Amino acid sequence: MKKPDVKKRKSSKADANKPSRGFPPDKAAELYKRLAKSRPDPRTELEYQDPFTLLVSVVLSAQATDVSVNKATPALFAEADTPAKMVKLGEAGIAKHIRTIGLWRMKAKNVLALSRIILSQHGGVTPGTREALEALPGVGHKTASVVLNEVFGQPTIAVDTHVFRVANRTGLAPAPTPEKVEKLLLEVTPDKYKRGAHHWLILHGRYICLARKPGCPECVIRELCQYEDKTPPEAAKAVIARRRGSSGRASA
Ligand code: SF4
């Protein structure tokens with residue numbers, strides 16, 4: 001899970017024109033309604049079996065891609081899918097499986113240390129509170145939010161680089177730091193959408209609202225988005241018309 005590029009955002013000229021507060025409730029509800037319709041069952045793209053393997057996967061994904069983590073974890077979890085087995089595998093054994101992931105030395109140490117603590121302080125069961133999760137090595141606010149949301153059903157909204165970008169570009173929750181974006185998102189997101197908000201925003205940023213080339217023509221929230229540089233309507237229409245022509249489908 002990549003960190004937001006806070007430095008870059010601070011220097012953005014367009015930010016000066018952004019509203020200081022998020023969307024009004026009805027507009028935010030419409031935005032989530034559209035995202036929810038396009039992805040009815042949003043989930044993390046990390047592959048996991050239970051709270052412990054999700055926790056390890058999220059720790060491994062810090063400043064790395066989910067794809068790189070998913071390539072490494074099947075072999076790791078085949079050998080160690082519980083805290084006890086992870087402790088038995090040891091730092092060198094863990095490191096052997098995660099060398100393709102950035103910061104693997106530190107992550108191997110953290111996975112071993114957090115497994116030891118889960119065994120000694122939580123009876124081998126991954127804790128489901130923010131306080132206990134954030135006390136584990138390698139687990140910060142964002143990692144805890146992802147775990148609490150994904151396997152413990154809590155309405156947390158973790159802000160990674162994609163969520164940060166989409167929240168700012170659209171005007172849904174414009175703010176200069178991930179902490180402030182999270183606070184605004186929790187304020188503007190209707191309760192019924194809070195559980196899925198992180199996933200909808202991250203997937204939208206990962207596949208549609210790309211950092212360098214946002215896919216405005218195919219964006220389902222295009223009419224609601226306040227991004228000044230989004231593809232102009234005429235260009236968007238032309239792209240859609242071209243696509244429809246090439247696929248042989250009738251225009252709507
Ligand atoms: S309209 Fe463009 S800039 Fe706005 S959210 Fe969609 S892809 Fe991103």
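This tour moves through the model selection by selection, from the whole chain to single residues.

**Whole chain**

The model is predicted: local features need pLDDT of at least 70, side-chain atom pairs count only at pLDDT 80 or more, and totals for chains, interfaces and linings use all residues. Residues are numbered from 1 along each chain as its sequence is written.

Helices (H or I, at least four residues) and strands (E, at least two) are DSSP runs, numbered from the N terminus. Of the 252 residues, 39% count as buried. A residue is buried if 20 or more other C-beta atoms lie within 10 Å of its own, exposed if 12 or fewer, and partly exposed in between, with C-beta atoms placed from the backbone. Among contacts between residues at least 6 apart in sequence, 63% join residues at least 24 apart; two residues are in contact if their C-beta atoms, placed from the backbone, lie within 7 Å.

**Colour by confidence**

Next, colour by pLDDT, the predictor's confidence in each residue, from 0 to 100. The mean for the chain is 88, and 83% of its residues reach 70 or more. Select residues 7-19, where the pLDDT is below 50; beyond near neighbours in sequence, this stretch has eleven contacts in the model. Then select residues 247-252, where the pLDDT is also below 50 and the corresponding contacts number two. Where pLDDT is low, the predicted coordinates should not be read in detail.

**Helices α2 and α11**

Select α2 (residues 25-38) together with α11 (residues 191-207): their axes come within 10 Å and cross at roughly 70°. Axes are lines fitted to C-alpha atoms, for helices over the stretch in contact, and angles run from 0 to 180 degrees between N-to-C directions. Display Tyr32, Leu35 and Ala36 of α2 with Tyr193, Gly196, Ala197, Trp200 and His204 of α11, which make the contact. These residues divide into six nonpolar, two polar and no charged. Ala, Val, Leu, Ile, Met, Phe, Trp, Tyr, Cys and Pro count as nonpolar, Asp, Glu, Lys and Arg as charged, and the others, Gly among them, as polar.

**Ligand shell**

Move to the ligand and the 14 residues around it, of which Cys209, Pro214, Cys216, Cys219 and Cys225 come nearest. A residue is near if its C-beta atom, placed from the backbone, lies within 6 Å of the molecule. The shell consists of nine nonpolar, two polar and three charged residues.

**Helix α9**

Select α9 (residues 161-170), where nine of the ten residues are buried. Within this helix lies Phe164, which counts as buried with 27 C-beta neighbours inside 10 Å. The C-alpha atoms of Phe164 and Lys180 are 9.9 Å apart. After α9 comes Gly171, with a positive phi near 90°.

**Two loops**

In the loop between α3 and α4, select Gln63, which has a positive phi of about 55° although it is not a glycine. Gln63 is exposed, with 12 other C-beta atoms within 10 Å. Thr65, in the loop between α3 (51-60) and α4 (66-79), is partly exposed, with 15 such atoms. The C-alpha atoms of Thr65 and Ile101 are separated by 8.5 Å.

Finish at Leu103, in the loop between α5 (83-98) and α6 (104-122). Leu103 has a positive phi of about 60° and is partly exposed, with 14 other C-beta atoms within 10 Å.
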